[in-house]
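User: Can you take a look at this one with me? I'll go through a few spots and ask as I go.

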Amino acid sequence: QIQAKGVKLAKRDGLLGKSDPFIVIRDAAGVGFAFSEVISQDLNPTWKPVELDVVRAGGMDATVTVDVIDYDADAQHDEIGSFSCTVQEL
């Protein structure tokens, strides 16, 4: 499991809105395999622990990408940010 927290995330829901962030962890092929819950209207979220299947990721030395995304009901989600690292570095 990994525990994630966002600090001072960008607003993606207009001037007065905040963001509804969630996390997607992607393997080297860009396929999402671990997902957090959506936290509504929060720029400093703390997500529940996310189960990370190390074998599915490709092992401890595999590179994964962590995307922080703003959920939109129309499925036109907005990227807030992302980074890449190895599973071990997570």
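User: Which backbone nitrogen does the side chain of Asp70 reach?
Analyst: That of Asp20, at 2.6 Å. This is listed as a polar contact, a pair of N or O atoms within 3.5 Å; within protein, one must be able to donate a hydrogen and the other to accept it, and residues adjacent in sequence count only if both atoms are side-chain atoms. The model is predicted: local features need pLDDT of at least 70, side-chain atom pairs count only at pLDDT 80 or more, and totals for chains, interfaces and linings use all residues. Residues are numbered from 1 along each chain as its sequence is written, and side-chain values use heavy atoms, with hydrogens and water left out.

User: Where does Asp70 sit?
Analyst: In strand β3, residues 63-70. Strands (E, at least two residues) and helices (H or I, at least four) are DSSP runs, numbered from the N terminus.

User: Is Asp70 buried or exposed?
Analyst: Asp70 counts as buried because its relative accessibility is 0%. The cut-offs are under 20% relative accessible area for buried, over 50% for exposed and partly exposed in between, with a 1.4 Å probe and protein chains only.

User: OK, Ser36 now. Which side chain does the side chain of Ser36 make a polar contact with?
Analyst: That of Trp47, at 3.4 Å. The Ser36 side chain also reaches the backbone nitrogen of Ile23 at 2.7 Å. Ser36 lies in the loop between β2 (32-35) and α1 (54-57), and is buried, at 12% relative accessible area.

User: Which residues have the most contacts inside the largest nonpolar core?
Analyst: Ile23, Ile25, Phe33, Trp47 and Leu52, in a core of 18 residues. β1 (21-26), β2 and β3 each supply at least two of its residues, and β3 gives the most, with 3. A nonpolar core here is a set of buried Ala, Val, Leu, Ile, Met, Phe, Trp, Tyr and Cys residues joined through side-chain atoms within 4.5 Å.

User: What does Leu52 touch?
Analyst: Beyond four places in sequence, its contacts (heavy atoms within 4.5 Å) include Ile25, Phe33 and Val87.

User: Last one: how do β1 and β2 run?
Analyst: Antiparallel, joined by 3 bridges; strands pair if DSSP finds at least two bridges between them. Ile25 stands opposite Ala34 in β2. The hairpin has 5 residues between the strands, and Gly30 there takes a positive phi near 90 degrees.
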